[in-house]
Amino acid sequence: MSPTLTAPIPELLDPKADGAAGDGAIQVQEQSAGSGEHAKSASKKIVAESCLSIIILGASGDLAKKKTFPALFHLYCQGFLPSHQVKLFGYARSKLIEEDFHRRIGGHLADSGKYPADLVTKFLELSTYISGAYDDDDSFRKLDKIISDYEAGKDEPPRRLFYLALPPSVYPLVAGMIHKNCMNKRGWTRIVIEKPFGKDLKSSEELSDQLGSLFSEEQLYRIDHYLGKEIVQNLLVMRFANRFFVPLWNRDNVANVQIVFKENFGTDGRGGYFDEYGIIRDIIQNHLMQVLCLVAMEKPLSLSPEHVRDEKVKVLQAIQPIQDSEVVIGQYEGYRDDPTVSDESLTPTFASVVLRIHNERWDGVPFILKAGKALDTRKAEIRVQFKDVPGDIFKCKKQGRNEFVMRLQPSEAMYMKLTVKQPGLEMSATQSELDLSYRQRYQDVVIPEAYERLILDTIRGDQQHFVRRDELQLSWEVFTPLLERIEAGKIPVIPYKQGSRGPPEADKLAEEQGYVRTHGYIWIPPSLKD
């Protein structure tokens, strides 16, 4: 018996998505239970009898152990991967027996305490391990034979999902092996690839050409886990389902927008990898740009994946070239102490970049994208700051501006900073907030991790929250010239102390763009004890 759904999850399964009828997509239907005055309706998932093979390549690596398998485990525990329907195949070069493989991934599954421990054992029984090279036809034919044996005798068309938890350098090689030896003969085949999708425009286009020669765009899922975050997914609903935001969300009312990513730790053993890419490639060009598109886009014709992605592309097309005077890059002191980092490295661990969108809605509004490591706190948020109120009779400028803040992590929340009367006999103003803190408001709801949602979207064939090739190309067109100037030494890399806000020049840049920082105000998430 498959485990029951322990918490409500939004409707994520569409039998019509990317797969003609009969592709074995999971289906959901509502059934009523009971009758009479106190009858209650119950939701029950009806799962089509179609086997699903999920093949994780690079199964012995950190990404698979820490992200991919835990996400699959949580989907299993919530009833989305029924044991009679799903088989997991781990594939890697490491010479492991199956017991060792289970021990490796099992240690990352039950630490949350959300699910009974015996579910780990049941989940591991669904997985098997195959050792093989990434450049060997015989190994991939062996993998195909094992998958085909599992699919044998099934009436409905089987489904194959290949998850490449591998370095991008081997994507073309492995994709070629899959295409040559492991394609599904009766049902669909889908390929999930992780960022980075290249290092610049040229390498990204080469990778896209190589993958595009093997698979159609409908088969490729470029995963950016920020698009699976709960608050990011709420952006479209918040913007387009609330009447009072419609007249405010434009250049007439918005002074500036900041999209911020901060970590309070350094590279933590990833110095060699990070030094090859830097903070702009690692965070800004992908995660923060995807968020920017959702903040700035026009309302799509529908929630069709292509309609949504079309509007994101229009935002990217309207972004003007980045000016060096509107860029601050830095490197934290001690970064080069990492033995895997060059003593001469100029790789930025901090960047603040101003983007300008040349269209009717946003002309003149600076979008400040800021990301850094070894800073004073850990958070990711969107901060929309509104212009001052005309005719300020309450001297509100002393209190700070209205802001709408969407906190992506930690402690997911949306809150509006606004000026209110200070309680008491005096007519004085102070800043407070209207607050929707998820941990307090949705205490009985399990908020899924980003990878859970995106893997489930892949199974159902919904590409709305995945990066399309033209999005990727346009984003690289924005940042490649800047990266070339940085690597040529044309923009100075400013040292900053660990645990600081980053280079002071970044705060000065934000002030020059019209950002007004509220001194003395701190947002405090509501306590469940209140």
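The accessible surface of the chain comes to about 24200 Å², and carbon and sulfur atoms contribute 51% of that area; accessible areas follow the Shrake-Rupley method with a 1.4 Å probe, and for residues only the protein chains shown count as cover. The structure is a predicted model, in which local features need pLDDT of at least 70 and side-chain atom pairs count only at pLDDT 80 or more, while totals for chains, interfaces and linings use all residues. Residues are numbered from 1 along each chain as its sequence is written, and side-chain values use heavy atoms, with hydrogens and water left out.

**Overall composition and confidence**

- The chain holds 13 helices and 17 strands; helices (H or I, at least four residues) and strands (E, at least two) are DSSP runs, numbered from the N terminus.
- Of the 530 residues in the chain, 53% are buried, where buried means under 20% relative accessible area, exposed over 50%, and partly exposed in between (1.4 Å probe, protein chains only).
- Among contacts with a separation of 6 or more, 76% link residues 24 or more positions apart; a contact means heavy atoms within 4.5 Å.
- The mean pLDDT of the chain is 84, and 84% of its residues reach 70 or more; pLDDT is the predictor's confidence in each residue, from 0 to 100.
- Residues 1-48 have pLDDT below 50, and this stretch has 86 contacts in the model beyond near neighbours in sequence.

**Covered helices**

- All of helix α11 is covered: eleven of the eleven residues in 450-460 are buried.
- The buried residues of α11 include Tyr451, Glu452, Arg453, Asp457 and Arg460.
- Packing partners for the buried residues of α11 are β3 (52-57), α1 (62-77), β6 (159-164), β7, β8 (220-223) and α7.
- Glycine 461 follows α11 and has a positive phi, near 80°.
- Helix α7 (residues 230-240) is mostly covered, with eight of its eleven residues buried; among them are Gln233, Asn234, Met238 and Arg239.

**Packing of α8 and α12**

- Two packed helices are described by the angle between their axes and the distance between the axes.
- For α8 and helix α12 (residues 469-487), the axes come within 11 Å and cross at roughly 145°; axes are lines fitted to C-alpha atoms, for helices over the stretch in contact, and angles run from 0 to 180 degrees between N-to-C directions.
- The crossing of α8 past α12 is right-handed; a crossing is right-handed if the near helix is turned clockwise from the far one by less than a right angle, and left-handed if anticlockwise.
- On the α8 side the contact includes Ile280, Arg281, Ile284 and Met289, and on the α12 side it includes Leu472, Trp476, Phe479 and Leu482.

- Lysine 379 is placed in strand β13 (residues 379-386) and is buried, with a relative accessible area of 16%.
- Leaving aside residues up to four places away in sequence, lysine 379 touches Val260, Phe261, Lys262, Arg407, Gln409 and Pro410.
- The side chains of lysine 379 and glutamate 381 form a polar contact of 3.3 Å; a polar contact is a pair of N or O atoms within 3.5 Å, where within protein one must be able to donate a hydrogen and the other to accept it, and residues adjacent in sequence count only if both atoms are side-chain atoms.
- Proline 410 is found in the loop between β14 (403-409) and β15 (413-421), and the peptide bond from glutamine 409 to proline 410 is cis, with omega near -20°.
- Serine 411, in the loop between β14 and β15, has a positive phi near 55° although it is not glycine.
- Serine 411 is partly exposed, at a relative accessible area of 21%.
- Between lysine 379 and serine 411 the C-alpha to C-alpha distance is 9.0 Å, with 32 residues separating them in sequence.

**Other loop positions**

- Alanine 374 lies in the loop between β12 (366-372) and β13; its phi is positive, near 55°, in a residue other than glycine.
- Alanine 374 counts as buried because its relative accessibility is 2%.
- Threonine 267 is found in the loop between β9 (254-262) and α8 (271-296) and counts as buried at 6% relative accessibility.
- Apart from residues up to four places away in sequence, threonine 267 touches Phe274, Tyr332, Tyr335, Asp338 and Lys373.
- Lysine 195 and proline 196 are joined by a cis peptide bond, with omega about 5°; proline 196 is in the loop between β7 (189-194) and α6 (201-212).
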